[in-house]
Amino acid sequence: MNSAPKTPRFPRVTLCSRAAVPAETLFRSAWLLDPRADLNGPADLLVSDGHVTEIGPPGSIDPPPGAEVVDAEGLHLFPGFVDPHVHLRTPGREDEEDLESGTRAAAAGGFCCVLAMPNTDPVVDGAPVLRALQERAAREALVPVGFLASITRGLAGAELSEMVELAAEGAAGFTDDGVPVADARRMRQALQYQRLAGPVLALHEEVPELSGTGVMHEGAISTLLGLAGIPSISESVAIERDMALAAYEDGRIHILHVSAAESVAAIERGRAEGINVTAEVTPHHLTLTDDAVRSVDPRFKMNPPLRSERDRQALIEGLRSGVLGCIATDHAPHSREEKEEPFERAPMGVTGLETAFAALHTELVAPGVIELPLLVERMTAGGLPYGLPTPTLAKGARADLCLADLEAEWTVGESGYESRSENSCFAGRRLRGRVLMTLAAGSVAWRERGFAIRLAEEDDQPARVAARKGTA
Amino acid sequence: MKHLLTIADLERSDIERILSTADSFSEVAGRDIKKVPTLRGRTVVNLFYESSTRTSSSFELAAKRLSADLISIRSTGSAVDKGESLRDTVATLSAYDPAAIVIRAPWVGAADIVARSCTASVVNAGDGKHEHPSQALLDVFTLRRRLGLESLDGLNVWIVGDVLHSRVARSNVLAFTRMGARVTVCGPPTLIPREVETLGCDVSYDLDRLGEADVVYALRMQNERMDDAFVPSLREYVACYQINSRRLQPRQVLMHPGPVNRGVELSADVMESPQALIVDQVASGLVVRMAILYDLLSARDQSGERGGTPEPTVGQPA
């Protein structure tokens, strides 16, 4: 189901990043993989003036004067990933993340575009806050950032935000992420207003009364630990309600971070009935279960919680079938002091930008659970629900791409994080697959340190040295 | 064994070892001078973030009977109330080089946090709604003594009441089943946690088959549960789940972790009947907690080498 805006009169989503020198780079003998452009094989790819200008057989393209040459034999070149769900904690908690550190973490993970959630302090619920953020992103962000605005003022659930004005300023979508829109009437009104404003409503689905004081998935592990549980149906019941409302109002909704088997089934039914609903899933819900919470380590505390193996399998199946159309990290940085509190008191959320591809490659692709092209397709599809273009390697496209070494093994956190926070649920894990270089909006946004050094050591052509300009 | 954090960590042999130590301490408890010098010169810290009468007092007395130096800290009036994190409080207390820290806190895994952030042996005296292992050990001890049994093999135990919010229920299901008993948890469906069978017990929502039980273990029905409307009314709860002389059969024994809500989960008559082990449980609490401290701390003295049955009784009165 395509989720492009229904009428073209709506304002475009504004994406902002700081100005950078357009890349001049030849990727020599890389394995190009872009399922949408039907690319899957070794080739040379030339980026000139920030655009893909030439694709040819390995060794066929001569670098133009001054271009950097990357010997990419054995490495994979993918379209840049798009993360439709990150928390950049700005404004308000710049100690946890800011636009610069958050987008550097994104670039390090191969993302060439991210969409930031509005649950900041102050909340992005009015045009002035949105404009200020866009201006700041235009100075600080290493990859383009779009901003969602809140559905209700202050996320309080009582009054709608000024959706029309926010959309006119380029809000990517509307969401109260972090909390559900509990009041069904308010949700209905937001769907009615969507006709006027345009952007998709991105929904954090939860019935507060069913979640109660829960801090983890309700099941055998919560029973063993004596921790209050959040039942799966807290999510699926809310999804069923909002799909019914969307159907009635002919609205368009995107379900954030789907975690439960019941939810996947509900969305599948809804889509079959023609409801305009898309959905995303996180790397942690695809790779971990509530079994990890046995450690009572707050690094495994997030909302929605890690669920059972049965749920995880349903999510993988949903990813395969397309019911879950894209992967979103729900990157949620938290300060060390807060995350070191006892489990019940620690805040919900884990970081994810830097580990998303590696974790999914290690846990799903390497063991053969899903194919690499499917992973690349789902990691690049995050902009679709928001009507954003999907990155591609096709000739003529702006250079939004990432270079990865699928054989490289690394330990998460071994050399710190680009994010300002370190609450990764994969900390200490050995992962296979590493992003070496990311081009976003036509410029080099990231270069893995070890990779840069290797290039320098192997340099024997002056052109390569001369080409190291405009890098991160 | 360095720490006592959960029953889930224990093997049956661990439980048997601690209880046989407790048997030895029972002899000490019968003497005129009840003190032994086992832990002389060593420091035990009692760190209680929740109100407690019997657990804190019995750990305090246990430490004193073993001649340890004792520091008792309650959240009221301490740095804990001033916003100091658990880790920082433990770091501060570590400056006294305690041999053991006994901790009760309203957070699951609090004892694990303490164990990870200091070198002392840690005893979990209750962490949130997770576990209360010393209670489970003293309950097994009480039962073995009363029934004159070495093990609980084949014994039928019913745990009745608010299982959802009970750390005692969790630890006791695990401890009783480890020792060979068959456990049934019983209570209103709203107060039975999901997938509780995975703990290794059966579930019943009524008392119809209570006659099968050899042991009836009633849990405290906390009044605050009424505010959350877990049950329609206390009156109806009493009608459905109260253990009274009509329901309790003469061959059954009755246990309760205390404090009892008289007239709610137990009627006054059964509390005072000879079948009730409630006072025995409190008495067992002291010797079992002495045994726990002894087990954790003596093991470290002997650098992992344990000399078979400990002989606390041979020590001269301190």
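This is a predicted model: local features need pLDDT of at least 70, side-chain atom pairs count only at pLDDT 80 or more; totals for chains, interfaces and linings use all residues.
The expected span of a helix is 1.5 Å times one less than its number of residues, where helices (H or I, at least four residues) and strands (E, at least two) are DSSP runs numbered from the N terminus.

Residues are numbered from 1 along each chain as its sequence is written, and chains are lettered from A and ligands numbered from 1 in the order in which they are written.

Let us stay with helix 5 of chain B for a moment. Twelve of its 15 residues are buried, so the helix is largely enclosed by the rest of the structure. A residue counts as buried if 20 or more other C-beta atoms, placed from the backbone, lie within 10 Å of its own; 12 or fewer make it exposed, and anything in between partly exposed. Among the buried ones are Pro133(B), Asp139(B), Phe141(B) and Arg144(B). After the helix comes Gly148(B), with a positive phi near 65°.

Now to the sheet. In chain B, four strands form an open, parallel sheet in the order 2-1-3-4; strands pair if DSSP finds at least two bridges between them. Strand 2 (69-74) and strand 4 (121-127) of chain B are at the edges with a single partner strand each, so one side of each has no neighbour in the sheet. On average, neighbouring strands are turned by 10° against each other, direction ignored; axes are lines fitted to C-alpha atoms, for helices over the stretch in contact, and angles run from 0 to 180 degrees between N-to-C directions. Strand 1 (residues 43-48) of chain B is joined to the parallel strand 2 of chain B by six bridges, and Val45(B) stands opposite Ile71(B) of strand 2.

Finally, the domains. An automatic or database domain assignment divides chain B into domain 1 (12-131 + 282-314) and domain 2 (133-280). The contact takes 21 residues from domain 1 of chain B and 19 residues from domain 2 of chain B, with residues in contact if their C-beta atoms, placed from the backbone, lie within 7 Å. On the domain 1 side, helix 10 of chain B gives the most, with seven residues.

Notes
Two residues are in contact if their C-beta atoms, placed from the backbone, lie within 7 Å.
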